[in-house]
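Look at the model below and follow its chain with the text beside it. The paragraphs take a sheet and then a helix.

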Amino acid sequence: PECADSYNADSSTDPKFRETCVAQSEECASNLGYQLSASVKYGKVFPVKPTSLPIEQIKVESNADAFALIEDVTFANFFKKCGGVNDVLIDTNDGGSDINTMHSLRKITLINSDTLQKVRLDSPNPASVKVDDCGEFVCTGLYNVIIQDEDGSFLENGNGGTIRGKSPNATIPSDCTANEEWNALVCNGKDYAQLVFESLDLDKFERLFTPVYIINEELEFNNKLNTHKDHHWNHFYTSMRRLSRFNTVVKFGYKYEIKTGASWPSALRYRWNGNISDADEVMIYQSFDTPKKVGVKRNGKIVKALGFDSSSREPIKVEDIPSDEKECGTHRYDRATQAITFVMKGTDCDLKIYLQSAIEVSLRLDLPLNDFWSDTGATTFISRMAAVLGINPARIVVTDIREGSTIVDFFITEDDDPEEDGQDEPDPANQPENGEEDVVTKDGSVKIRTDELQSLKTSLITKAEKGEVAEKFGSPVLDMSVAVV
């Protein structure tokens, strides 16, 4: 009805002009070239029920580790229409509240297409801020969209770059500029990706620990994240179940701190979402509010923590390792801060960060610290202590060595067989009542592990009292504290 008003012409009151205007009203509509695809838990069955419409509406959880390539595509005649309406080459799905698939563009041809109309990134819907949708603040998937121009054919700059979502909580990086028409940041480099992490606990649909903050002070980056939207229904009511899965934009080569005001789950999974090369990496710093040991598994296999440098006699820090020597899962756990620093690197990087039950030991030997390092050192200490207890040396993790005479703090971790644990979800039917003390393995079997740790604790105390520990190390034990944590 307002078609005539959309034409800025003096003849808008002319009846003939009005007739022509109405006939051409469809030309005033905005055309869309491509809507970013979404990878979801399951698709829609055809014929589509009315409750599933519109067809592009997302009603299930989004998958991680998805990637889409737009290649050899021509966009023609996308431009500004009557009344200020804009055609759009690429648009987000405004229902993409959770994870939006990372897209790469290559060999794109643009014909008669105004640069103002290339991209439109939707903002989260404020109406979703309610208890049965996104909770206390909007879902943040649309703030963390990434589109990469690999060869510059889309951005027409010869070099390519990254188009990414514009979060209100994050400052604009120095290599990016804000494009208000696109509602996006346009960055010079292609060194951005989506990092996805989620709870592996059995209550991952019920227990929320939002908001989560991704922080890098050097980049002045502080990204506030929400968990997934409530997509489930219980008859006529929403289920009040939201998957604790998050995704954030990160820039390669930087260290990020991940924080929450609540308690972290006992196990978290980290992986990439998008097109990653073997050299791409970030470091993650994450602190826990429990004294339990934090372990790392890469694709289901235990990753050994960094040890001590025999020359400097200091713990080896992740930050001090050259980039070409870092691997996916390289990490150090700092007992004093109860924090772990670990590396996400390369294409096949799928990490499980989890709390381990362990024996925490502080052993004081009647031995000058210099003599300890010249005769024993951290590696030999682990071998000798493992021999005393008759366990695998890989279960012993030294966290601190300091003077007084020589004090060694270390963990003895649970007997965790890497062959038994994968990333598969445990079967709730096989989960025992005392879940903190029991671990459900990949095949659903249950192993009571704290009993073994209590037995090992008793054995260590007994051997120390009998002098077996002193004999093995060639010096008296002045003091020892032992606790299962």
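In this predicted model, 6 strands form an open sheet with mixed pairing, in the order E2-E5-E8-E9-E11-E10. Strands (E, at least two residues) and helices (H or I, at least four) are DSSP runs numbered from the N terminus, and two strands pair if DSSP finds at least two bridges between them. At the edges stand E2 (67–71) and E10 (176–179); each has a single partner strand, so one side of each lacks a neighbour in the sheet. On average, neighbouring strands of this sheet are turned by 20 degrees against each other, direction ignored. That angle is taken between axes, which are lines fitted to C-alpha atoms, with angles running from 0 to 180 degrees between N-to-C directions.

One pair can be followed in detail. Strand E8 (residues 146–149) runs antiparallel to strand E9 (residues 161–164), and 4 bridges join them. Ile 147 has Ile 163 in E9 as its bridge partner.

Now turn to helix H5. Its 16 residues (450–465) reach 23 Å from the first C-alpha to the last, close to the expected 22 Å, where the expected span is 1.5 Å times one less than the number of residues. Which residues of H5 are buried? They are Thr 450, Leu 453, Leu 456, Leu 460, Lys 463 and Ala 464. Seen down the helix axis, these buried residues fall within an arc of 140 degrees, so they line one face of H5; the arc is that of the directions from the axis to the C-beta atoms. An α-helix has 3.6 residues a turn, so residues three or four places apart point the same way. Asp 451 and Glu 465, on the other side of H5, are exposed. Buried means under 20% relative accessible area and exposed over 50%, with partly exposed in between (1.4 Å probe, protein chains only). Just after H5, Gly 467 has a positive phi of about 90 degrees.

Residues are numbered from 1 along each chain as its sequence is written. Because the model is predicted, local features need pLDDT of at least 70 and side-chain atom pairs count only at pLDDT 80 or more, while totals for chains, interfaces and linings use all residues; side-chain values use heavy atoms, leaving out hydrogens and water.
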